Amino acid sequence: MIIENVIKECQIKGRKNPKLLILGCAVMEQELRQFQNGQTEFKFFDYGLHRTPENMAKSLQTEIDRASEGDYDGVVLGYGLCSNGIVGVQSQNKPLIIPRIHDCITLFLGSPESYREQSAKHPGTYYLTPGWIEKGQTPISKYESYAQSYDEETARWVLHEEMKNYTRIAFIDTGVYPLELEPYRKIAHQNAEFLGINYEELPGSPLLFKELVCGPWGKDFLIVEKGQSIQQEMFLDL
Amino acid sequence: MIHREKKFNSVRIQPGLGEEKFEMTFNRLQQAVFLRDCKTVKTLTERMVMDGVDLFEILNQGLIPGMLEASERFRRGEFFIPELLMSSRALKIGLSILRPLIQEIRENVLGRVVIGTVKFDLHDIGKNLVIILLEGNGFEIIDIGVDVSPEKFVKAVEKNRAQILAMSSLLTSTMSWMKSTIELVHASGMNGLVKTMVGGAPVTSIFARNIGADAYCREATSAPALAKRLLGIEANGQTSFVK
């Protein structure tokens, strides 16, 4: 019903497609931008917001409040529940469209089912994508940042404590980087070697990214009405 | 092990030492944990033990508040994983000095706790911190690791006759395994015999209530007080609910 409202709203304004503001994480910028159409506007946020869920909600809320004066038909979040990072976020005058997922790995893999399947088979997986390697963190980049603040032995100890239960690096090929994939693949591989764990490549899928940008926002999406805030329960199947 | 000249556990102030000086030492110990300074934590804890300071005051006014501060900074995004891990390490050193002495006084363990990270979840930094804290406070811990199925949790509780079952989860996608585990505890007829305690970054008090947990541990440092309350042992400083 809410989706119909979004569509009705844009019809009133004489638009063929809804005008959307998409707020996404920098790690999926390429995957989302490939579906850009004339009306859509994007804003990407630093991956670092993940480390502090409280800051994620604040940054998103600031941008949503700013967008309240724009003539968007809706605001779409390129975020999942992300460790409750989006809990409490609300829009006063526009519907919020959010993928009903725990984190972005589901988007890269293309469905909640395939994420569930992967986590059940290999719970200790560190997922990497080209965007993640470029804008996010890898075990090697973590180690390098630790080694900048602390001595080598401490940096190694910290990384070991953090990563000791991981058994696999999974590199997801989302198909957006047909030409430049090789260097990213190499880095993913190096990370597996660095940790001494398995390396695997998984096929990604553009389906959820496409739906996120273009609709129709079916079963894998939540529409949060204006004035209503995002809650953890909306994402859980209890 | 350190030998104390007197085993007066109620002695708080030694002759010649003013209240102020003690406050200062507690502050310094807090700072040392908070600033990840293992060496100073060791020296100060040993010195305070030798001076006859109450072991539980060393714990509750020195070591734990220092760790709490580090955890809070982590929550606010001012500290990251290295800082959290290094403070935990410093805390562990302090507690390893206190533990044998606490055991001497107590003789019996406070209670037996089975602890693990839920199914399909391999995060254990928080769980390991809770273990350090509970052991330091005199609980016996049976750590059954990560990626623990409800069946494995229940079996471990039965086998060890644990009074508390503590579960951790760091992913919203794995939290629901806490519910499955609690349901299995009930189905196995152990409801009255074991209390359940849940925690982990994405776990909220609402979620904990909804799944029927007996206690919700918002931060690792409140685990000992919560565990004591679950077993009917007097404890202060509790910040999360106990049913």
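Gly175(A) sits in the loop between β6 and α9 (181-195) of chain A; helices (H or I, at least four residues) and strands (E, at least two) are DSSP runs, numbered from the N terminus. This is a predicted model, in which local features need pLDDT of at least 70, side-chain atom pairs count only at pLDDT 80 or more, and totals for chains, interfaces and linings use all residues. Residues are numbered from 1 along each chain as its sequence is written, while chains are lettered from A and ligands numbered from 1 in the order in which they are written.

**Around Gly175(A)**

- Gly175(A) is partly exposed because 13 other C-beta atoms lie within 10 Å; a residue is buried with 20 or more such atoms, exposed with 12 or fewer, and partly exposed in between, with C-beta atoms placed from the backbone.
- Leaving aside residues up to four places away in sequence, Gly175(A) touches Gly204(A) and Pro206(A); contact means that C-beta atoms, placed from the backbone, lie within 7 Å.
- Gly110(A) is 65 residues from Gly175(A) along the chain, and their C-alpha atoms are separated by 12 Å.

**Sheet**

- An open sheet of 3 strands in chain A has the order β5-β6-β7, with parallel pairing; two strands pair if DSSP finds at least two bridges between them.
- Its edge strands, each pairing on one side only, are β5 (125-128) and β7 (198-203) of chain A.
- On average, neighbouring strands of this sheet are turned by 25° against each other, direction ignored; the axes are lines fitted to C-alpha atoms, and angles run from 0 to 180 degrees between N-to-C directions.
- β5(A) and β6 (residues 168-173) of chain A run parallel and are joined by 4 bridges.
- Tyr126(A) has Ile169(A) in β6(A) as its bridge partner.

**Whole chain**

- Chain A contains 10 helices and 8 strands.
- Of the 238 residues in chain A, 39% are buried.
- Among contacts in chain A with a separation of 6 or more, 68% are between residues 24 or more positions apart.

**Domains**

- Chain A is divided into domain 1 (2-102 + 207-235) and domain 2 (112-203), with bounds from an automatic or database domain assignment.
- The C-alpha centres of domain 1 and domain 2 of chain A lie 27 Å apart.
- Contacts link 10 residues of domain 1 of chain A with 9 residues of domain 2 of chain A.

Terms used: Two residues are in contact if their C-beta atoms, placed from the backbone, lie within 7 Å.
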